[in-house]
Amino acid sequence: MINILIALNAEAKPIRQALGLKSIQDSAPWRCYTNDEYRLVVTGVGRLNMAMAASWLYGAYGPASLWVNIGSAGHNNAEVGRIVVANKIKMLEKLSLLFID
């Protein structure tokens, strides 16, 4: 199983449709969608929401072969629709940087 965590429903909708995911009705407190290969959770915005949703998902369903966090972001001069892989994350509330190799 591959777990996908996404903050906003607008970000999740095209992925849900492309993967043919169906809603799990008893997935409170988060919207959860699944099929035989994937499980997607709409977490809400922010690190705390993401952490709580990931903890709930692990507690409810156990380990997964892969965990993926997908999201959108803005940029002053990047072309609209361009896919970017982050190698630096700036956390404004902590005024810190995380560099990824």
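**View 1. Y38 and its surroundings.** Y38 sits in strand β4. This is a predicted model, so keep that in mind for every close-up here. Skipping neighbours within four places in sequence, Y38 is in contact with M1, I2, I4, L19, L21 and Y33. G20 is a handy landmark for this view: Y38 and G20 are 18 residues apart in sequence, and their C-alpha atoms are 9.5 Å apart in space. If you check the backbone of G20, which comes just after α1, you'll find a positive phi of about 65 degrees.

**View 2. The whole chain, for orientation.** Here we step back to two helices and seven strands in the protein chain. Along the sequence, they come in the pattern β-α-β-β-β-α-β-β-β. The chain has 101 residues, and 25% of them count as buried. Its accessible surface comes to about 7400 Å², with 56% of that belonging to carbon and sulfur atoms. As for contacts between residues at least 6 apart in sequence, 52% join residues at least 24 apart.

**View 3. The five-stranded sheet.** Five strands make an open sheet in the order β2-β3-β4-β1-β5, and the pairing is mixed. The edges are taken by β2 (22-24) and β5, and each has a single partner strand, so one side of each is left without a neighbour in the sheet. On average, neighbouring strands of this sheet are turned by 25 degrees against each other, direction ignored. At the β2 end, β2 and β3 pair antiparallel over three bridges. K22 has T34 in β3 as its bridge partner.

**View 4. Strand β1 and its two partners.** Four of the five residues of β1 are buried, so this strand is largely enclosed by the rest of the structure. β1 and β4 run parallel, joined by five bridges. In that pairing, N3 stands opposite R39 of β4. β1 and β5 also run parallel, again with five bridges joining them.

View 5. Which residues of helix α1 are buried? In this helix (residues 9-19), they are E11, A12 and R16. These residues cover an arc of only 120 degrees around the axis, which puts them on the same side of α1. The buried residues pack against β1 (2-6), β3 (31-34), β4 (38-42) and β5 (66-70).

View 6. Helix α1 lies across β1, β3, β4 and β5, and runs at about 160 degrees to β4. Helix α2 packs on the sheet too, where it touches β1, β2, β3, β4 and β5. The direction of α2 makes about 140 degrees with that of β4.

**View 7. T43 in its loop.** The loop between β4 and α2 (47-61) is where T43 lies. Is T43 buried or exposed? It counts as buried, because its relative accessibility is 4%, and the cut-off for buried is under 20%. Leaving out residues up to four places away in sequence, T43 touches L5, I6, A7, W30, N49, M50 and A53. One of these contacts, W30, turns up again in the next view.

View 8. How many aromatic pairs does a search of the whole structure find? There are two. In one of them, the rings of W30 and W56 have their centres 5.7 Å apart and their planes at 45 degrees, so the pair is tilted. This pair links distant parts of the chain, since W30 is in the loop between β2 and β3 while W56 is in helix α2, 26 residues apart. W56 and Y61 make an edge-to-face pair, at 6.1 Å centre to centre and with 90 degrees between the planes. Together, the ring pairs link W30, W56 and Y61 into a cluster. W30 is buried, at 15% relative accessible area, and W56 is buried at 18%. Y61, at 33%, is partly exposed.

How values were computed:
Residues are numbered from 1 along each chain as its sequence is written. This is a predicted model: local features need pLDDT of at least 70, side-chain atom pairs count only at pLDDT 80 or more; totals for chains, interfaces and linings use all residues. Side-chain values use heavy atoms; hydrogens and water are left out. Buried means under 20% relative accessible area, exposed over 50%, partly exposed in between (1.4 Å probe, protein chains only). Contact means heavy atoms within 4.5 Å. Accessible areas come from the Shrake-Rupley method with a 1.4 Å probe; for residues, only the protein chains shown count as cover. The arc is that of the directions from the helix axis to the C-beta atoms. Two strands pair if DSSP finds at least two bridges between them. Axes are lines fitted to C-alpha atoms, for helices over the stretch in contact, and angles run from 0 to 180 degrees between N-to-C directions. Rings of Phe, Tyr and Trp (its six-membered ring) pair if their centres lie within 6.5 Å; planes under 30 degrees apart count as stacked, over 60 as edge-to-face and the rest as tilted.
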